[in-house]
Amino acid sequence: MNIDAKQHWEERYGERDRVWSGRVNTRLAEIAAPLDPGRALDLGCGEGADAIWLAEHGWQVTAVDISETALQRAAEDARVRGVSDHINFQHHDLSDSFPSGRYDLISAQFLHSTVRLEREDVLRRAAGAVEPGGLLVIVDHGEPPPWAREHIHDHHFPSPDEVVESLNLDAAQWERVRAEPVEREATGPDGETGTLVDNVIVLKRRRGTPSRG
Ligand SMILES: C[S@@+](CC[C@H](N)C(=O)[O-])C[C@H]1O[C@@H](n2cnc3c(N)ncnc32)[C@H](O)[C@@H]1O
């Protein structure tokens, strides 16, 4: 486990009792709602809102994060919502280890970090763990929010095409269902409203192409 990355995220979660809204990510809910529930994997689950939503919609979920604080909050919320039996929370630094198994849905929502995160390797490994007929769903920030601090505006936000290309997937095995920027209205930390851009990527492993996980 990489101590710097772990410490970074522990400190981030330690700054407040709650860091995220507690609501499911809009794009994930839209994409997952019509699916038949099966086994799902949430990479970088944070405080667990997506994992809990998936469990409440019939999925058997494995939810992973580098922060034990985030995982404890997520597990407590899952208990209160009565879905603990449907979520297996696991502590991993995904740069170093990855949960075993194969999944019908693997979700990486805003799996970004300013410290070490071997994101391309993690996402490639995730692709290898998708069941035939299953989905890999990646939602990234497409550009800085209007209220972001100045230095973030210099940061390169990979386009949906760049992310898909970085996965090096065999087109014979994968259908590119969606890879596009989508706008969303949101409220910033000081109550200001603005338009955010999410890069939404949905890739489907074609049936008859075995996964590796
Ligand atoms: C920007 S947050 C997104 C959280 C959640 N998916 C959401 O959309 O609200 C990124 C999450 O990834 C986790 N993370 C960052 N690096 C990680 C790593 N190397 N291994 C596992 N989780 C990591 C962080 O702890 C954090 O919870």
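Colleague: Why does Asp140 count as buried?

Modeller: A word first: this is a predicted model. Buried means under 20% relative accessible area. Asp140 has 1% relative accessibility, so it counts as buried.

Colleague: Where is Asp140 found?

Modeller: Asp140 is found in strand S5, which covers residues 130–141.

Colleague: With which residues is Asp140 in contact, leaving aside its neighbours within four places in sequence?

Modeller: The cut-off is heavy atoms within 4.5 Å. The contacts of Asp140 beyond those neighbours are Phe110, His112, Arg119, Val163, Val197, Asp198 and Asn199.

Colleague: What makes the pairing of the Asp140 and Arg119 side chains a polar contact?

Modeller: A polar contact needs a pair of N or O atoms within 3.5 Å, one able to donate a hydrogen and the other to accept it. The side chains of Asp140 and Arg119 are joined at 2.8 Å. Therefore the distance falls inside the cut-off. Arg119 also belongs to helix H5 and is buried there.

Colleague: By what distance are the C-alpha atoms of Asp140 and Arg18 separated?

Modeller: The two C-alpha atoms are 21 Å apart, and the residues lie 122 places from each other along the chain.

Colleague: Now the sheet. What is the order of its strands?

Modeller: The order is S3-S2-S1-S4-S5-S7-S6, in an open sheet of 7 strands with mixed pairing. Strand S3 (87–91) and strand S6 (174–187) are the edge strands, since each pairs on one side only. On average, neighbouring strands are turned by 15 degrees against each other, direction ignored.

Colleague: How do you know that S4 and S5 pair?

Modeller: Two strands pair if there are at least two bridges between them. Strand S4 (residues 103–109) is joined to S5 by 6 bridges, so the two count as paired. S4 and S5 run parallel. Ile106 stands opposite Leu136 in S5.

Colleague: Which helix packs on the sheet and touches S7?

Modeller: Helix H5 (residues 119–128) packs there, touching S1, S4, S5, S6 and strand S7 (193–205). The direction of H5 makes about 155 degrees with that of S5. The buried residues of H5 include Val122, Leu123 and Ala126. They pack against S1, S4, S5, helix H6 (160–166), S6 and S7.

Colleague: Why is S2 called largely enclosed?

Modeller: Count the buried residues. In S2, 5 of the 6 residues are buried, so the rest of the structure largely encloses this strand. S2 also pairs with S1 in the parallel sense, over 5 bridges.

Colleague: What makes H3 mostly covered?

Modeller: In H3, 7 of the 8 residues are buried. They are Ala49, Asp50, Ala51, Ile52, Trp53, Leu54 and Ala55. Their cover includes helix H2 (26–32), S1, S2, helix H4 (68–80), S3 and S4. H3 is followed by Gly58, whose phi is positive, near 95 degrees.

Colleague: Which strand gives the most to the lining of the second largest pocket?

Modeller: S5 does, with 4 residues. S5, S6 and S7 each supply at least two residues of that lining. There are 14 lining residues, and Leu35, Gly133, Gly134, Leu135 and Lys204 lie nearest the centre of the pocket. The space in this pocket is about 260 Å³.

Methods. Residues are numbered from 1 along each chain as its sequence is written. This is a predicted model: local features need pLDDT of at least 70, side-chain atom pairs count only at pLDDT 80 or more; totals for chains, interfaces and linings use all residues. Side-chain values use heavy atoms; hydrogens and water are left out. Buried means under 20% relative accessible area, exposed over 50%, partly exposed in between (1.4 Å probe, protein chains only). Axes are lines fitted to C-alpha atoms, for helices over the stretch in contact, and angles run from 0 to 180 degrees between N-to-C directions. On a 1 Å grid over the protein atoms alone, a cavity is a set of points where a 1.4 Å probe fits but cannot get out, and a pocket is an open set with protein on both sides within 12 Å along at least five of seven lines; lining residues have an atom within 4 Å of a point. Grid points are joined across faces, edges and corners, and a volume is the space filled by probe spheres set on the points.
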